[in-house]
Amino acid sequence: MADKINVAGVTVDTRHWIGGRRVASVGTFTDSSPIDGQPIGEIARGGPAEAEAAVAAARDAFPAWAATPRTERARILHAVADGVEKRIEELAIVETTDNGALLRSHRRGVMPRVAHNFRFFADWLLELGHEDFETRGHRNHVSWDPAGPCVLITPWNAPLMLATWKVAPALAAGNTVVLKPAEWSPLTASLLADIAAEAGLPAGVLNVVQGYGAEIGDALTSHPDVRRISFTGSVPTARRIAASAAVNLTPLSLELGGKSPLLVFADADLDLAVDLAVEQYDNAGQVCLAGTRLLVEEPVAEEFTRRFVAKATALRQGDPRDEATDIGPTIHLRQLEKIDGFVQRAIDAGARAVIGGRRGDGQFYAPTLLTDVAQDSEVVQEEVFGPVLTLQTFADEEEAVRLANGTRFGLAATLATGDLERAERVAARLVAGTVWVNCFFVRDLQAPFGGSRLSGVGREGGTWSFDFYCDLKNTVTAPKGFKDHG
Ligand code: NAD
């Protein structure tokens, strides 16, 4: 296996990064590009031995990093952000080659956001505090202590963005990290290791292990030295991780799938509603937050559909490196087959494909809108994770809320309405971690983020991230000369 590969002109090390050194494995797995299905390179295939080595490195590096003053930790995290900013072009092209999402959005949105993840949590850490308070003259002092080594496991749909949204607060809090990126898009995590080392992050503070979740996952998540596990991915994997973490009762943060509704009321600005709906095809629909269930009030359903179809059929599907492309390929042939399975079963069950409903060339799936779908049908209840939307209609607010809340998920919801009182009323009744009113995907890092029901456990973001990544401690000090122990 070559230790380094050339990905669109960028050198990427294919080995693990453990204790400040590159480490190879005996085995490898093949990483392919969704753009043409061709292999990009052979990547180190870690197992229990690499998991053990990475956790040991994180454990050994922990005391010194935890004792590093907050201001110094923050300085290094800002240096990591500088490094990301310097390499935005390289990160963007490597990510696009690896996961097929649009180059222009990686360049202009995603990679700057990766840098922001580090800056934001570095700064938030410095602001983090808690007023001391008194109990019968005793001083209560609450401190945010680093918890220890953290295992962070991430998916392929927004690899570096989702990884750094965990890595940054975990490191800022004074923890050390073992990051396990997804096997379908492992490359930018390796570049992050290079950037962090150049920024002066001490050896062992950030470790990156590559491999299949089924082979390396359990050794990471059941390890007794691991103090936190943060996972973003699917519900079935979350169940396995929760079972594995149960051995040590390791605290878990789980950011999982969704089947989010997008509600369009008759009083909405219909063009805005259509724009919001078409936006759900972004990243070929491989977005956990996507509002894939369009719920439209009956009087405007026909007009909404007409405008939606006009706009959606004008989207350009193609090479994600091309500036003019709106929708790229799906991540993997297996994902494509999964998507098509959902659609064909829905059609067999009586759904109508207003647009799409079929595979395109290579790993492309045609943007699809299905109508005539029952609330209890598979395609309405299960996450497809592809460019597939369903459309149902509702008669009134009551029915809208019932349909919106009628799945096992609760990640997000989007409302299009011209009546802000209605928006407040409906938002209050929705089961969702985030509700957007007349907008979508506006995400401030200080807001709590996560899902209800099967969409997740816990919240991260701003202070909530530090709630999770820290051990909160209250120290109660008696006043001088105090004798009463009662
Ligand atoms: P996945 O669950 O298949 O894999 C996610 C990660 O878990 C990968 O790194 C994988 O290697 C690892 N893994 C697999 N088995 C493991 C095991 N037994 N132990 C430990 N780790 C293991 O998910 P995916 O297909 O990569 O991602 C898509 C899913 O992620 C969708 O359901 C999507 O909704 C969800 N997602 C959620 C959010 C959110 O913030 N809520 C964001 C993005 C994606």
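1. Basis. Residues are numbered from 1 along each chain as its sequence is written, and side-chain values use heavy atoms, with hydrogens and water left out. Because the model is predicted, local features need pLDDT of at least 70 and side-chain atom pairs count only at pLDDT 80 or more, whereas totals for chains, interfaces and linings use all residues.

2. Crossing of H2 and H6. Helix H2 (residues 70–86) and helix H6 (residues 187–198) have axes that come within 8 Å and cross at roughly 125°. That makes H2 oblique to H6 (angles under 35 degrees count as roughly parallel, over 145 as roughly antiparallel, 65 to 115 as roughly perpendicular and the rest as oblique). Axes here are lines fitted to C-alpha atoms, for helices over the stretch in contact, with angles from 0 to 180 degrees between N-to-C directions; helices (H or I, at least four residues) and strands (E, at least two) are DSSP runs numbered from the N terminus. The crossing of H2 and H6 is right-handed, that is, the near helix is turned clockwise from the far one by less than a right angle.

3. Contact of H2 with H6. Val80, Gly83 and Val84 of H2 meet Leu192, Ile195 and Ala196 of H6 (contact means heavy atoms within 4.5 Å). By class, this contact has 5 nonpolar, 1 polar and no charged residues (Ala, Val, Leu, Ile, Met, Phe, Trp, Tyr, Cys and Pro count as nonpolar, Asp, Glu, Lys and Arg as charged, and the others, Gly among them, as polar).

4. Crossing of H1 and H7. The axes of helix H1 (residues 48–67) and helix H7 (residues 213–221) come within 8 Å and cross at roughly 35°; this crossing is right-handed. Pro48, Glu50, Ala51 and Val55 of H1 make the contact with Glu215, Ile216, Ala219 and Leu220 of H7. The classes are 6 nonpolar, no polar and 2 charged residues.

5. Largest cavity. The structure holds 2 cavities of 30 Å³ or more (a cavity is a set of points on a 1 Å grid over the protein atoms alone where a 1.4 Å probe fits but cannot get out, and lining residues have an atom within 4 Å of a point). The largest has about 80 Å³ of space. Of its 16 lining residues, Pro261, Ala404, Gly410, Ala412 and Val431 lie nearest the centre. Strands S19 (409–410) and S20 (412–416) are the elements giving two or more residues to this lining.

6. Second largest cavity. About 70 Å³ of space lies in this cavity. Its lining residues include Gly258, Lys259, Cys288, Glu383 and Phe385. By class, the lining has 6 nonpolar, 4 polar and 2 charged residues.

Note on methods
On a 1 Å grid over the protein atoms alone, a cavity is a set of points where a 1.4 Å probe fits but cannot get out, and a pocket is an open set with protein on both sides within 12 Å along at least five of seven lines; lining residues have an atom within 4 Å of a point. Grid points are joined across faces, edges and corners, and a volume is the space filled by probe spheres set on the points.
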